[in-house]
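Please look at the sequence and the structure below before reading on.

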Amino acid sequence: MPTISELQAICSQVRRDIIRQTHGVQSGHPGGSLGCTEYMVALYFEIMHHDKSFQMDGKGEDLFFLSNGHISPVWYSVLARSGYFPVSELATFRKLDSRLQGHPATHEHLPGIRVASGSLGQGMSVAIGAALSKKLNGDSRMVYSLHGDGELQEGQIWEAAMYAAHNKVDNLISSIDLNGQQIDGPTEQVLSLGNLRAKWEAFGWDVLECADGNDIEQLLAALNEAKQRSGNGKPVMILMRTAMGKGVDFMEGTHHWHGVAPNDEQKDRALAQLPETLGDY
Amino acid sequence: MIQVDYSNKKDTRSGFGAGMAELGRTNPDVVALCADLIGSLKLEKFIEENPERFFQTGIAEANMMGIAAGLTIGGKIPFACTFANFATGRVYDQIRQSIAYSGKNVKIAASHAGLTLGEDGATHQILEDIGLMQMLPGFTVINPCDYNQTKAATIAAAAHDGPVYLRFGRPKWPVFTPENQEFTIGKAWHIQSGTDVSIFATGHMVLKAIEAAAQLQDKGVSAEVINIHTIKPLDIQAVIESVQKTRCAVIAEEHQRLGGLGSAIAQVTAEGCPVPLEFVAVQDSFGESGTSDALLEKYGLGASHVTAAALKVLSRK
């Protein structure tokens, strides 16, 4: 098991990878990626039992589904740093003939990806299907999914929420990246999400909150608590507060960096704040 | 010439239900999902015999398509079942991203396709689904013509590795294909040979093509009738070989003229053997309430319309 400081060191490198991937192709989504770095690192380096040799069926493994596929830079970095594919491949992000498509895809057979995402609202349904498949197969491993908060504006999410509770899909732990931002501005201005805890509880989920999803210790505690609560007849939801753009001072807390890549000068300013811990690709 | 027994009618959706019942007994990986239409899709027997392999999703088709995609991870072969309208247009993006682009082994079982669902009217009479589904890369599109063929196609779809759109209908329809037939995806079925005109038909319109061929025979015209049950991948060789012989063709389908089987055959003949074509299909309009037969007549999809199209295309040779 890695120590907290080791996990924090991985987070710093992952953030460098995010900045360098998006800078390298002058496109992509750094804001949400930076905000979900601790979550991804916690899952892949601590929480999940998973196999970097990668089988699509994932039998006997914990599975992860990224529903808000635009934060692909953080997922690609964590997959590469976990050994799913060479870290050098991060340099191909969003470029022609790459396996690292703008949004995650299975089409180019990138190890670690089990379904395409990008068009929002679909990942929870797929995660439920994978969780049902595990139950049919007598596989006691868990299924995790991550969703953006703006994504909750998609109706399919609530179809999935209703289904999972009604059918006691209790091997599913979903998380919402509550950064309060979406492309056009703060979610409270674009389309208010209301009382999310009350909503998910009303839909029949076991809800827990993580006050700071960028604090790796808090996040690990929340994920471990969620694992404890699984298997009790309810799907589990973690409402995880994060800061969009976390770790780079001029990107933090604003929707401006949702889908904008840093220029040369901004890249240098960002990297100066993020120690290179594992070696850049 | 095939003899149609009009006293032996069964709905194609019951053929699907029979196929699912058989798959329930023979293939433990087959699972079914349905969005509140168990009775309409004839799933009762499968559910009765395999309750743990059935997932009732409620009236939430988008979620159903996503769950189906997820179930393939772990090796299941899901059949996502609802009316054709709700199985395609309503959930096109879910199918496109989570199933087609993701290469998932999902079978979409779509009943009540076309005008012949009848009295429910245009909200439910999808006439665009073949076009929608054949445009998706990697999707197989099948539209069987009667009960026996639908049962066989259902079993073949489960054995096929890849996403399949299986389209069938509501009304009781004459059964004229063999029981327990061998069904090969992508292989057209020659119903009768002829020399003057080819008639390519799919779904319920195969019956109308057979009836038209009899009418044409009375007029001294030798029609070749070919059942294109698999619209994609199209049996290009069968199409080209037929029109090389007859030098003209009619395409009959219960679908919009634009984007369906007619469009597919026009493309392959344009490239492989350009000949005059006529299209028996819905002419860029919505349907309406009515009986199956009355609707087919009003919208130009009766046997007499197929015959008229054949005579017209013969005059263009």
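Predicted model: local features only at pLDDT ≥ 70, side-chain atom pairs only at ≥ 80, totals over all residues.

Residues are numbered from 1 along each chain as its sequence is written, and chains are lettered from A and ligands numbered from 1 in the order in which they are written.

In chain B, seven strands make an open sheet with mixed pairing, ordered S3-S2-S4-S5-S7-S6-S12. Strands (E, at least two residues) and helices (H or I, at least four) are DSSP runs numbered from the N terminus, and two strands pair if DSSP finds at least two bridges between them. Strands S3 (54-56) and S12 (230-232) of chain B are at the edges with a single partner strand each, so one side of each has no neighbour in the sheet. From one strand to the next, the twist averages 20 degrees. Within the sheet, S5 (107-111) and S7 (164-167) of chain B run parallel and are joined by four bridges; Ala110(B) lies opposite Arg167(B) in S7(B).

The largest nonpolar core has 187 residues. Such a core is a set of buried Ala, Val, Leu, Ile, Met, Phe, Trp, Tyr and Cys residues joined through C-beta atoms within 7 Å, where buried means 20 or more other C-beta atoms within 10 Å of the residue's own, with C-beta atoms placed from the backbone. Ile128(A) and Ala209(B) are among the members that touch the most others. Helix H8 (205-218) of chain B gives the most to this core, eight residues.

Conventions:
Axes fitted to C-alpha atoms, helices over the stretch in contact; angles between N-to-C directions. Buried ≥ 20, exposed ≤ 12 C-beta atoms within 10 Å, placed from the backbone.
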